[in-house]
Structure formats: structure tokens, C-alpha cells
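Biologist: Hello! Could you walk me through a structure, one feature at a time?

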Amino acid sequence: MSTTILAIESSCDETSASVCIDGKILSNIIANQKVHEQYGGVVPELASRAHMQNIVPVVDAALSTANCQLSTIDAIAFTQAPGLIGSLLVGSQFAKSLSLALNKPLIAVHHMQAHVLANLIAEPKPTFPFLCLTVSGGHTQIVVAHSPTQLEIIGETIDDAAGEAFDKSAKMLGLPYPGGPLIDKHAQNGDPKKFKFAEPQIQGLDFSFSGLKTSVLYFLRDEKLKDENFIENNVDDLCASVQFTIINILMKKLKKATEQTGIKQVCIAGGVSANKGLRNALKEYGEKYNWQTFNPAFEYCTDNAAMIAITAYYKFLAKDYADLSVTATARAEW
Ligand code: KG4
Ligand code: ZN
């Protein structure tokens, strides 16, 4: 007998739905919200309203793309935490209502665990235990995945996330929100060693990005005093140099984690794992240090419901269901 899961992701500013049968993703529909661009960041209230408008058409599209009826769904999964509370509530209430109406089990998924398990969507897949560097807009973590349901954080940021370091640097360079993908684009034509920015000295496997932000800010302030068009004249090299510094900070810690754990199956995940420089760095480290490396396809790096569906599939196998009293949570441990 096959298992069909409908999954919903609405933690931030993407409304997404996915259908997965026996761990195979059949659809992954994502509605992006353009409304936030003009404000230079996500406006929570506008995000919730857009989710309300998007959720029914997005779920419909996920079902029809997968050629699937509501009556054949075996379980409904949703992102329970962490995220913007108003956004999470739209997805969680929708999923709970559908679970009640169809009388099918409900599965609550942790967004950051789902980013890690996005590496299990397509072949080649890592085998357990594996390490994952999860880099998103709100989190930066090194995780040991012992099994699909046993994930352990062994390092994380003590201040900004890697995605924030990208987005805040981009903002200082006059690039629109979210700046991460634009830094990636400009960096491809720039010299990563042209400018040098501060790298933090943090013990253990934790990260810090606030020093880098200050270093970029003061550097640009000083250079603009000498040449008011400094940013315009050097945007590609600036992007390449900022990106190079962020990647160095990330990869040095990831290497340390492989040495401490002895694990050589190494994955990346989260929005920043779409970054071409980071994907190349992972490959290079893999070749140099004899790691087996994995990264999700681009569509499974930034927020998407397919990663919620694959995580829910393993929870379904473990019969790890939620009841209707489950609530969305903005911040959540795992
Ligand atoms: O995982 P995600 O979609 O949402 C969160 O859970 O936060 O991550 C979004 C973050 C943003 O900071 C965005 O700028 C960054 O991922 N990002 C990138 C790239 N694509 C997305 N950063 C650098 N290079 C990219 N290509
Ligand atoms: Zn995310």
C-alpha cells in the first residue's frame, strides 16, 4: 500500500504545497510574495494576508500537478515552527481543518529539520549519520543527522544568520531585498580576494556574523569618503569578497565538525545553500578532504513544501502524528 502525503509550508513569505508518494516528490508549488520588496524586508502582517490569498490555489495546484485527489491523501503535514507566527498560523489552521474534514492524520514538521532532510529528496542521498550545514535567513547550524527523526545541533550562530549576513551586506551595497541571490550573481564576475573583511575568532563549532557586518559598514564608509562612486565602481569585487568571507567562515567550521565527529558524509541545506560559491566550496573541500558531499536541487534549498513532505513521510513511517491541539510556534527547540 502506498503512502500519499500533502504538505504545506508557510513559515515566512513563501506559500508552498507539495504532494509526495512513498518518499517521491510529485509536486512542489511555491508562490513567492513580491509585496515585501518595496519595504526591504518581510512585513509579517502582509505575509499572513498573502498566505490567506495563496493557500487554496497553491494546494489545488499541488494536487492537480501530482494528478491526485484529496480523497487519496493519507496524511496532512504542515510547518509548525519556527517562523513568523501569523504566517505559520495560516498553514497550520488550514492543515488542521483539512485533517479534521478528511479524518486523516496530521503531521507537525520543524522547518529547520525539514531543510536538513531536503537532502533525502533525490539521489544520490547521504547515508546516516551525516553532517549538515544548514544556512538560511534566520538560522545557521551544523547538525548531525543520526536518523531521519534524530537530529542533533552541534554548532550554531551566536548572532546573525549567514543569510542575514548576505542580505545586510547587500543592503549596504544598495541591492534590493533579498540581496543574497544578487550577491551570488555579482560575485560571479568579481575578484573574491580584492577586499578583505573581518573573520570572527569564535571557539568550537559556533558562528558569528555581526563582526563581518560592522567590518563591511566601516570599510564602505571610509572608501566612499575617497570616492563617492566606490560601490558602483566595485560592486562585483565587493560582492565576491563579502561572499568569499562568509563562505570561508562557514566552511572552516564545517571542516572542524568533520574532524570532531569523524563523519565524512557532508550536506548543505537552506536558502544560502543555493549559493553557487558555497556549492563549489563544498565540492572543493570534498575533493581535498575525501568527503562525500551532497546539496539539494535549487528548488529544495529555499523555502518549499517538498522538504516538509519528505520529513513528514519519515514521521508517518514512525507514526509520529500530532493531534488537533498542536499549535504553531514562532521559536522552537527541537
Ligand atoms: O531557507 P530560506 O529560503 O528561508 C529561511 O528559512 O530563512 O533562506 C532565505 C535566505 C535569505 O537570506 C536569502 O538571501 C538567502 O537565503 N539566499 C541566498 C541565495 N539564495 C537565497 N544567499 C546567497 N546566495 C544565494 N544564491
Ligand atoms: Zn527556511
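**Reading the model**

Modeller: Let us begin with one residue: Pro129 is found in the loop between helix 3 and strand 6. Helices (H or I, at least four residues) and strands (E, at least two) are DSSP runs, numbered from the N terminus. This is a predicted model, where local features need pLDDT of at least 70, side-chain atom pairs count only at pLDDT 80 or more, and totals for chains, interfaces and linings use all residues. Residues are numbered from 1 along each chain as its sequence is written, chains are lettered from A and ligands numbered from 1 in the order in which they are written, and side-chain values use heavy atoms, with hydrogens and water left out.

Biologist: Which residue does a cis peptide bond join to Pro129?

Modeller: The partner is Phe128, and omega is about -5 degrees. The peptide bond from Glu123 to Pro124 is also cis, with omega near -5 degrees. Pro124 sits in the loop between helix 3 and strand 6 (130–135).

Biologist: Which residue has a positive phi although it is not a glycine?

Modeller: That is Asn103, with a phi of about 55 degrees. Look for Asn103 in the loop between helix 2 (85–102) and strand 5 (106–110).

Biologist: Into which domains is the protein divided?

Modeller: Domain bounds come from an automatic or database domain assignment. Here, domain 1 covers 4–116 + 301–317, and domain 2 covers 126–295. Their C-alpha centres lie 27 Å apart.

Biologist: How many residues of domain 1 are in contact with domain 2?

Modeller: Contact means heavy atoms within 4.5 Å. On that basis, 12 residues of domain 1 touch 18 residues of domain 2. Buried area is the accessible area (1.4 Å probe) that two parts lose on being put together, summed over both. For these domains it is about 1,300 Å², with 75% of it on carbon and sulfur atoms. In domain 1, Met112, Val116 and Cys301 lose the most area to domain 2, together 46% of what that side buries.

Biologist: How many salt bridges are there between domain 1 and domain 2?

Modeller: Side chains of opposite charge can pair when their charged atoms come close. A salt bridge is a side-chain nitrogen of Lys or Arg within 4 Å of a carboxyl oxygen of Asp or Glu. Between domain 1 and domain 2 the count is zero, while the structure holds 12 salt bridges. One of the pairs is Arg49 with Glu45, whose closest N and O atoms are 3.2 Å apart. Because Arg49 and Glu45 are four residues apart in helix 1 (residues 44–65), about one helical turn separates them.

Biologist: Which residues coordinate the zinc ion (ligand 2)?

Modeller: Donors are N, O and S atoms within 2.8 Å of the metal (3.2 Å for Na, K and Ca); water is not among the atoms, so sites may look incomplete. The zinc ion (ligand 2) is held by His111 (NE2), His115 (NE2) and Asp303 (OD), at 2.0 to 2.1 Å. Distant parts of the chain are linked here: His111 in helix 3 and Asp303 in the loop between strand 10 (292–294) and helix 9 (306–317) are 192 residues apart.
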